[in-house]
Structure formats: structure tokens, C-alpha cells
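I record what I looked up, entry by entry.

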Amino acid sequence: MTTTALTVVKTRRWLVLAVVLLCFLPAAIDVTILTITVPTLARELHASPPELLWTVDVYSLLMVGLVLVSGPLGDRIGHQRLLLAGLAVFSVASALCAMASGPLTLIGARALLAIGASMIIPATLALIRQTFGDGRDHAVAIGAWSAVAAGASALGPVVGGFLLQHFWWGSIFLVNLPVVALAMPAVALLLRNKIEAERQPWEATSPILSIVGFLGCAYAIITFTHDGVGMVEVAVPAVLGLAALVLFVRRQQRTPHPMLDLSLFRLPGLRAGVVASVLPVLVMVGFELQLVQYLQFVEGLSAEEAALYLIPMPVAATVAGPVGGMILSRVGRPRADVPAGLLLAVTGYVLVASGTVVPLGLALIGFGHGLVQMVASNLIMSTAPSAQAGAAAGIESVSYEAGAGLGIAIFGTVTAVIYRSLLPPGTSTSPLEAGTSPETARAFGEAFHATTWLAGALTVATIFLATPKSPAAHAPSGDPA
């Protein structure tokens, strides 16, 4: 290949990456963009606390099961076609969300939005693997993808805050439409559709078990804090959810063509990557939901003021991905990058929990999580053989969405339990009324700081669970470890 032809090939690869990241951006932002709208939705749609949590959480929880279908589907029909279909569904669902007349309608439209996003996210990861192979450029490309993932999660409330200040709440969904309108022709013209030679058979039971499992567990966690709820209403969905997850795992282990290839978990690098994806995302997304409520309920900030307050997180998270990708492509040291990023995040949580230099704390949280997300994505995608790029993308997507969905449910529940325990007798226990009196504001403030300490503790635990055990932890593909 001549020098000119090689230059053209390399230029095209980076153009493909730019298009893929443009497609991924709205799907990633929508994980957290609703968090800052909680007070607005409660007021405009008369939504109850459980309806609000489900509006925020149904998006991530449904995707946990849906990506099990869409990842292998991309191997069968081609990931470019899958991406185009996902963008089309995502745009229709965004318009339906914006026009929702009540909380139940919005929850249903968010579920459709999850269907579109479940096609987009694994397709973008698989296309990066197909385009960049296993070389050093792959680490840089995954670093850019991770920057969008981590940065968009932190950026969601910021974008939502600015839109709420100047437009009505539905604008947070309509903003997706021009992005999709720009992305779809670029995908059709620039990306190639590659169909894998080996096509695995489909079955519907596995994704249904996964969805039932995560929704059941999340329902039990969220319902636990509601007034007038008995133990039966909590125990039944919890048992059903756990049973469904156990059956799902057993089915994947026994079927000759699993939708989530658990045999990949035999690779130490992939296992470390999954833990480094699930737990930090769980902590950051859960923490961010409580932070935006604290800023509005306790500090009395408007949506736009709260958005400005949050800016250090997405800026730092966006910078961390490319920086970490370049470092990893040169020195290949995930064993050092994972604990380093987590320690930065722990320092940030301590600063926020103690009320000391909070903007610096938010920046450290964003940079630390952005760095870890990059390493986790690289470990997962570079460990799996190239023929299983779709399966690896499914695992990465499941890890990310499971962390986000459970983080919202767990941190929302913990904050609510602590908040109610601190209220004087006879006071309304709804977190939506946290700013209506000095007593409720003080109680919610203390609950927020307690959950922030919890975020720091969970991040410390992740250091011991997610650090790859050996320099060659994700070795077989040839990427530096």
C-alpha cells in the first residue's frame, strides 16, 4: 500500500470514529439528563416520587436486557444497519417523550427510547473494534468512546439545566433530533456494513429473564422506601427478580449459543473490566442524582445555576478519556490506571462530603471516573476475540447500563431512608418537599452527605476488586496490557 493510500485509510478511520461518537452522544447523555428535571416533572406532570424514579431509571434498566438482543443482532445484519435502525427508533421516541402528557406516558416513551439506545450503544463499540482492530489506535479510539460515555453521564444534568432555564421540559428530548438528523446520513455514507460469517441462533427467553430480573430487583429497592408499603410488596418482586437472574445465568451457561457469552469471563482482563465498569458507573450516576436534588432542594439553586455548579465534572471526565487512551497506548498499564483513577475519585468524594473545595472535588470525581471507564472499556473490548466483538460490546453495554440503573435505585433509596430517619415526627417524608422548611432541608442535606461518604467507600472497595491481577490480564488480542 502506497503512503498516500495509507494516509487515506487512516484518515477514514478517524472520520468513522467521529461519526460513531456523534451517534453515541445523545444515547449516553439520556442516561442522566432527566436527573435535574425531577422538581420540574413533579410540578408539571404531577408525578409522584416512585413515578419520577421510574422515569429516570427505566431507560437504563430496560437496556440491560435489550442489548443482549441487539449485540448479536449486529453480528447477523451488520452493525452499520443496526446503528441506523437504532437512530431511527431513538428519534421517534425522543419526539414522543417531548409530547408526553403524564408520567406514565413519559415512562412508556422512555422505554421506547431505551430500545433505540440499546441498538446504538453496542453497535458503536463493535464498529470501533472492526475499524481499528487491536493496535494502539484502538486504545485511543476506545479512550475517545469512554470520554463520551463518562463525560455525557456527567454532562446530562448540565445540558438539562440549561434547557430547562430557557425552554419547556420537553426540550431535553427534542435536542436529540438535530444530532440524529446529522448522524444518519453520515452513517449511511461513511460506514461499511460487515456481516459476521458465523450467525448464532436467537432465543427470546434470555433477554426476558434479564429484564425481569433487573426490573424486579430495582422495583423492590425503590418500593422499599415508600410509605404504606408492606414487606410482601417488596419481597415478592425481589424474589422474582433474583430468581430470574439465576435462571438467566444458568441458561447462558448451558445453551450452546448464549446471548451473553459468560465464557468470556474466564479472561481475567475482561472480568476486571466489567467490575471497573459496573461499580464506578453505579456510584457516579447515583451520586449525581442526589447532588442535583441537593443543589435545588437544599441550596435553592435554579436548574441553570445547578448546571453551572456541575460543570467541573463533565469537563474533567471528557478530558480523562483521551488522555488515558494516549497513556495506555504508549505504556499499557491498566494495573496502574485503574487504582489511580479510583483514588482520584475517592479524594473527590471526600472533598464533597466534607464540604471542602467542592468544585475541585467534582473535577477529581469526573477525571477519576473518566479514566477508569476508558480502561474498563479497553479491557473488555480488547480481551475478546475479534469474531466476538458483538458479544463483547453486549457485555460492555450491559455493564454500563446495569451500573447506571442500579446506582439510581440504590442511592435514591439510601438517601430516602436516611432523610426520613432524620425528620421530626409528623413531617412529610417526601423528598420532593425537602426544601419546604429548614428542618426538611437540613435532613436532606445530611442524607446527601452521608450517601457521598458511601460513594467514597464503595469506590475504595472497587480498587481491590477491579484492578487487573497481572500485566497480561487481557493478553490474547495483542494489545499492550
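**Entry 1: Val-358**

I looked up Val-358 and found that it counts as buried at 14% relative accessibility, where buried means under 20% relative accessible area, exposed over 50% and partly exposed in between, with a 1.4 Å probe and protein chains only. I place Val-358 in helix H15, residues 358-383; helices are DSSP runs of H or I with at least four residues, strands are runs of E with at least two, and both are numbered from the N terminus. Leaving aside residues up to four places away in sequence, I note that Val-358 touches Tyr-309, Leu-351 and Val-352, contact being heavy atoms within 4.5 Å. From C-alpha to C-alpha, Val-358 lies 9.7 Å from Pro-312, at 46 residues apart in sequence.

**Entry 2: Basis of the values**

I am working with a predicted model, in which local features need pLDDT of at least 70 and side-chain atom pairs count only at pLDDT 80 or more, while totals for chains, interfaces and linings use all residues. Residues are numbered from 1 along each chain as its sequence is written, and side-chain values use heavy atoms, with hydrogens and water left out.

**Entry 3: The chain as a whole**

I recorded 17 helices and zero strands for the protein chain. Of its 481 residues, 58% count as buried. Among contacts with a separation of 6 or more, 82% come from residues 24 or more positions apart.

**Entry 4: Helices H11 and H12**

I then turned to a pair of helices. The axes of H11 (residues 268-297) and H12 (residues 303-310) come within 10 Å and cross at roughly 130°; axes are lines fitted to C-alpha atoms, for helices over the stretch in contact, and angles run from 0 to 180 degrees between N-to-C directions. The two helices are therefore oblique to each other, since angles under 35 degrees count as roughly parallel, over 145 as roughly antiparallel, 65 to 115 as roughly perpendicular and the rest as oblique. On the H11 side I list Leu-291, Val-292, Leu-295 and Gln-296, which meet Ala-303, Ala-306, Tyr-309 and Leu-310 of H12.

**Entry 5: Thr-40**

I found Thr-40 in helix H2, residues 38-44. Thr-40 is buried, with a relative accessible area of 14%. Beyond residues up to four places away in sequence, Thr-40 touches Leu-45, Leu-164 and Trp-169.

**Entry 6: Cysteines**

I counted zero disulfides in the structure, a disulfide being a pair of cysteine sulfur atoms within 2.5 Å. Cys-23 is buried, with a relative accessible area of 0%. Cys-97 also counts as buried, at 0% relative accessibility.
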